[in-house]
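Subject: Structure for your files

Dear colleague,

Here is the structure I said I would pass on.

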Amino acid sequence: MNALDLLIADHNRVRGLFTRFKDAHQQDDDTMAIELAGKIFDELQVHTTIEEEIFYPAVHDTDDEIKETVDEGVQEHHVVKVLLEELGQVAPAGDEWAAKMMVLIENVEHHAEEEEKEMFPPLRSQLDAATLDGLAEQLEQRKRDLGAPVLADKADLAKEQLLQLAKEQEIPGRSSMSHDELAATVAPA
Ligand SMILES: [Fe+2]
Ligand SMILES: [Fe+2]
């Protein structure tokens with residue numbers, strides 16, 4: 001699986017967490033909302049780190065438009081980090097916390113959408129397979145170093161098991177995903 005597909009898998013895993021967070025919030029299940037917020041924070045920290053340390057620098061100079069999108073991406077990550085820091089300073093599950101969580105979610109949804117629509121398609125056609133595969137290896141290695149799960153940890157699961165996890169985790173688009181896409185996307189049980 002290449003670097004772009006791995007990053008999209010991260011996006012979809014977080015989208016599932018967002019859906020579950022919004023459900024928990026709507027049902028006033030504070031315990032679940034706080035637990036899911038913790039998972040969201042961990043995911044965003046790992047994802048922004050691997051993009052900023054490895055992916056963004058590697059693709060930045062591909063062309064002028066990508067350069068601009070990457071520069072904007074870095075600033076959007078900055079906004080996410082500010083929100084994460086502020087979220088740590090207000091009462092969990094309070095009104096202010098919930099409002100900040102919603103703004104965080106909207107920001108990340110917008111940012112991920114922009115990467116997938118404006119940054120990844122031109123990279124898919126401009127970078128060769130070896131470059132994208134090499135980047136994938138670096139992203140996975142850095143994730144391991146950060147203590148985060150990688151595709152290989154879930155690759156031995158049968159498609160049925162992966163689909164069940166994807167369903168529980170509210171992963172969008174799961175029914176049309178291949179075995180490896182599911183394995184890259186789901187969090188381990
Ligand atoms: Fe990003
Ligand atoms: Fe991303």
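What follows covers the helices and the contacts between them. Please keep in mind that this is a predicted model.

Helix α1 runs over residues 3–26, which is 24 residues. From its first C-alpha to its last it reaches 35 Å, close to the 34 Å expected at 1.5 Å a residue. Just after α1, Asp28 has a positive phi of about 55 degrees.

The axes of α1 and α2 come within 9 Å and cross at roughly 160 degrees. That angle is over 145 degrees, so α1 and α2 are roughly antiparallel to each other. Their crossing is left-handed. On the α1 side the contact includes Leu7, Val14, Leu17 and Phe21, and on the α2 side it includes Leu36, Ile40, Leu44 and Phe55. By class, the residues of this contact are 13 nonpolar, two polar and five charged. Among the charged residues in the contact are Asp10 and Arg13 of α1 and Lys39 and Glu43 of α2.

Helix α2 (residues 30–59) also packs against helix α3 (residues 64–87): their axes come within 11 Å and cross at roughly 155 degrees. The two helices are therefore roughly antiparallel as well, and the crossing of α2 and α3 is left-handed. From α2 the contact takes Phe41, Leu44, Thr48, Glu52, Tyr56 and Val59; from α3 it takes Ile66, Val70, Gly73, Val74, His77, Val80 and Leu84. These divide into nine nonpolar residues, three polar and one charged.

Leu44 of α2 is listed in the contact with α1 and in the contact with α3.

Regards

Definitions and conventions:
Residues are numbered from 1 along each chain as its sequence is written. Chains are lettered from A and ligands numbered from 1 in the order in which they are written. This is a predicted model: local features need pLDDT of at least 70, side-chain atom pairs count only at pLDDT 80 or more; totals for chains, interfaces and linings use all residues. Axes are lines fitted to C-alpha atoms, for helices over the stretch in contact, and angles run from 0 to 180 degrees between N-to-C directions. Helices (H or I, at least four residues) and strands (E, at least two) are DSSP runs, numbered from the N terminus. Angles under 35 degrees count as roughly parallel, over 145 as roughly antiparallel, 65 to 115 as roughly perpendicular and the rest as oblique. A crossing is left-handed if the near helix is turned anticlockwise from the far one by less than a right angle, and right-handed if clockwise. Two residues are in contact if their C-beta atoms, placed from the backbone, lie within 7 Å. The expected span of a helix is 1.5 Å times one less than its number of residues.
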